Amino acid sequence: MPIITVRDLRKTFQTKRKQPGLMGSLKAVVKPELLTVEAVKGISFELEPGELLAFIGPNGAGKSTTIKMLTGILYPSGGQASVLGLTPWKDRRKLAYRIGSVFGQKPQLWYHLPPADTFHLFARIYELDEATFKQRLGFLVEAFDIGDLLNTPVRKLSLGQRMKCEIAASLLHRPQVIFLDEPTIGLDVVAKQQVRDTIKLLHEHEGTTIFLTSHDAGDIESLCKRAIIINYGQVIYDDRVSALKRRYLTRKVVSVRFAERLENGFALEGVEVLKVGDYGVKLQFDARTTPVESVLQRLLDAHSVADITVNDPPMEEIIRSIYEAPPEDVEREG
Amino acid sequence: MFRRLKLDTVKYTAIAQINLQNSLAYAGELAYHSIFMVVILYVFVQLWRATYRAVGAETIAGLTFRDTLWYLVMTETIILSKLRFANKMSEEVKDGSLAYTISRPYNYLLYHWAYGLGDTLLRLVINFWAGALLVTVLVGPMPFNPVYTLPLIVSLALALVLDFCIEGLIGLSAFVTEDVGSVQLIYSKFLFILGGMLIPLDFFPAGLRNVALALPFNYVIYAPARLFVSFDPARWLNVIAMQALWIGVFALALWALFRVGLRHVSINGG
């Protein structure tokens, strides 16, 4: 039986539109121009218990609006949703005891206080008794390796450390479903990996159902089995991540910085050179025909490499590929 | 039932406590507020000293120079310490943190009451003693009999609840309009003038005084401050009855509009 069911869910906002300049401001006061924005246009999907779903899309696609409806913060304009058998916007408080949420761009930890203080507060808010709280905190401290951070004021933590504590705070009450909205946004490579490991551990150890939104194709590749892609408020893809990878996450972009000046230009078989400088190049290639290992190996053999990064194409590009793909290659919904 | 009450008490006390802890981290800001309190009261001392000399009377509308200054200690303490609920709601909508505060298992309005209270209690104590010290030195000892401390605290607490309900109504408009600055400004000016923050209502011409006394704003500032300088049990009973009545009216409106407002929440950002 699905843990989350969404049927034809819609959300329409009205926003004020203002022309630039002073006259525009005066006009907006006298006769405001209202613009209707359809943030979510009738999406439908289901999620089984224990699934780790990537809910992805570009900025303004409707991801966060969907999460906010599923956590009961926003009332939908139409459609239905059920989370753990409850209607989120009607049973918001009851549901709050059973779900958790992390909004990557919005801190929930008290900035001037150590995380331990917020954890204690949440234990009271979620009505955990002292023994349960201590046991749970002990588990989270060990699992997320945050023992040394507990008594340091949040303002002194790095972004990655803070995010681990943010996630731990949302797990204190042992939620059955957790909504992670951009948990890796703004993090460096190491911190991203730490957060990914944390999510993986949470899923494997506790079987928590995870609803993850991210801009980062790397998050999806390394964590999720299933992905839903949403664009302009509609579901445009709902399938396994492996299929997404096979079809659309094929192109890799490699940036290389050399320890020595390039003397005789640069060329490498099977790759397209996007940019070349005296000390660096930017390459792209199709990983289906040219394996990443082979490109890296050949670069290391031929040059003295100071730094190297491998990136996935940005989400906007993946979505463009989905739209450009032949209809039979794409599963469309909504 | 008893268990629920206990859990809720623990919950809201913890919320008040953490904000108190957080406020202690802003020691500098609190010190600044008490300096502001001292400066403004120093100006009032000079102004009212000149006024009483010009009038050439021992009392104006039943208040001595000393009464007036201690009245102003109390009004300034309330205004500088009270909860800023409307601004907080507006900030939450603008920065998106409403997504957290509205989705936890508590009553959103009670959460904010508890949240603000932790900070307010600390400010009340600091601001009052900063002002009291100055006025004691420049004007004379407090005209308040400590026997009436408890009833005065009841009236002060009701004043804060009433203000919270009015601020809540202003703050609710943030769910739709995001910014509450203009309405908040009008309310604060009402408190300054019609609430008796700047001048005791006793000094107003009869017509304006009667209007001000009929409005709820005086029960936030004037009524508790007036009790502070001349406590009278009959007046106290009348004040707390009227405070309770206005709280009933505004709390009902707040609760009803909050239910409606939830349907219209819009949150900025991602």
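In chain B, the axes of helix α1 (residues 2-24) and helix α6 (residues 108-138) come within 7 Å and cross at roughly 40 degrees. That makes α1(B) oblique to α6(B). This is a predicted model, where local features need pLDDT of at least 70, side-chain atom pairs count only at pLDDT 80 or more, and totals for chains, interfaces and linings use all residues. Residues are numbered from 1 along each chain as its sequence is written, chains are lettered from A and ligands numbered from 1 in the order in which they are written.

**Helix pair in chain B**

- Axes are lines fitted to C-alpha atoms, for helices over the stretch in contact, and angles run from 0 to 180 degrees between N-to-C directions.
- Angles under 35 degrees count as roughly parallel, over 145 as roughly antiparallel, 65 to 115 as roughly perpendicular and the rest as oblique.
- Helices (H or I, at least four residues) and strands (E, at least two) are DSSP runs, numbered from the N terminus.
- Residues of α1(B) in the contact include B:Y12, B:I15, B:A16 and B:L20.
- Among their counterparts in α6(B) are B:L110, B:Y111, B:A114 and B:L121.
- Two residues are in contact if their C-beta atoms, placed from the backbone, lie within 7 Å.
- The residues of this contact of α1(B) with α6(B) divide into eleven nonpolar, four polar and one charged.
- Ala, Val, Leu, Ile, Met, Phe, Trp, Tyr, Cys and Pro count as nonpolar, Asp, Glu, Lys and Arg as charged, and the others, Gly among them, as polar.

**Where the chains touch**

- Chain B gives 24 residues to the contact, and chain A gives 28 residues.
- On the side of chain B that touches chain A, α1 and α5 (98-101) of chain B are the elements that give two or more residues.
- α1(B) gives the most to that side, with eight residues.
- That side of chain B divides into 13 nonpolar, eight polar and three charged residues.

**Six-stranded sheet in chain A**

- This open sheet has six strands in the order β5-β6-β7-β3-β8-β9 (chain A), with mixed pairing.
- Two strands pair if DSSP finds at least two bridges between them.
- β5 (99-103) and β9 of chain A stand at the edges with a single partner strand each, so one side of each is left without a neighbour in the sheet.
- Neighbouring strands of this sheet are turned by 15 degrees against each other on average, direction ignored.
- α2(A) packs on the sheet and touches β3, β6 (177-181), β7 (209-213) and β8 of chain A.
- The direction of α2(A) makes about 150 degrees with that of β6(A).

**Covered elements in chain A**

- Helix α2 (residues 63-70) of chain A is mostly covered, with eight of its eight residues buried.
- A residue is buried if 20 or more other C-beta atoms lie within 10 Å of its own, exposed if 12 or fewer, and partly exposed in between; C-beta atoms are placed from the backbone.
- Just after α2(A), A:G72 takes a positive phi of about 85 degrees.
- Strand β8 (residues 226-231) of chain A is mostly covered too: six of its six residues are buried.
- A:R226, A:I228 and A:I230 point one way from β8(A), and A:A227, A:I229 and A:N231 point the other way.

**Partners of β8(A)**

- Strand β3 (residues 52-56) of chain A runs parallel to β8(A), joined by four bridges.
- A:I56 stands opposite A:I229 in β8(A).
- Strand β9 (residues 234-240) of chain A pairs with β8(A) in the antiparallel sense over six bridges.
- A:I230 has A:V235 in β9(A) as its bridge partner.
- β8(A) and β9(A) form a hairpin with two residues between them, and A:Y232 in the turn has a positive phi of about 45 degrees.

**Four-stranded sheet in chain A**

- This open sheet has four strands in the order β11-β12-β10-β13 (chain A), with antiparallel pairing.
- Its edge strands are β11 (272-276) and β13 (305-311) of chain A, and each pairs on one side only.
- Strand β10 (residues 251-258) and strand β12 (residues 280-286) of chain A pair over seven bridges.
- A:V256 stands opposite A:V281 in β12(A).
- β11(A) lies largely in the open, because zero of its five residues are buried.
- β11(A) and β12(A) form a hairpin with three residues between them.
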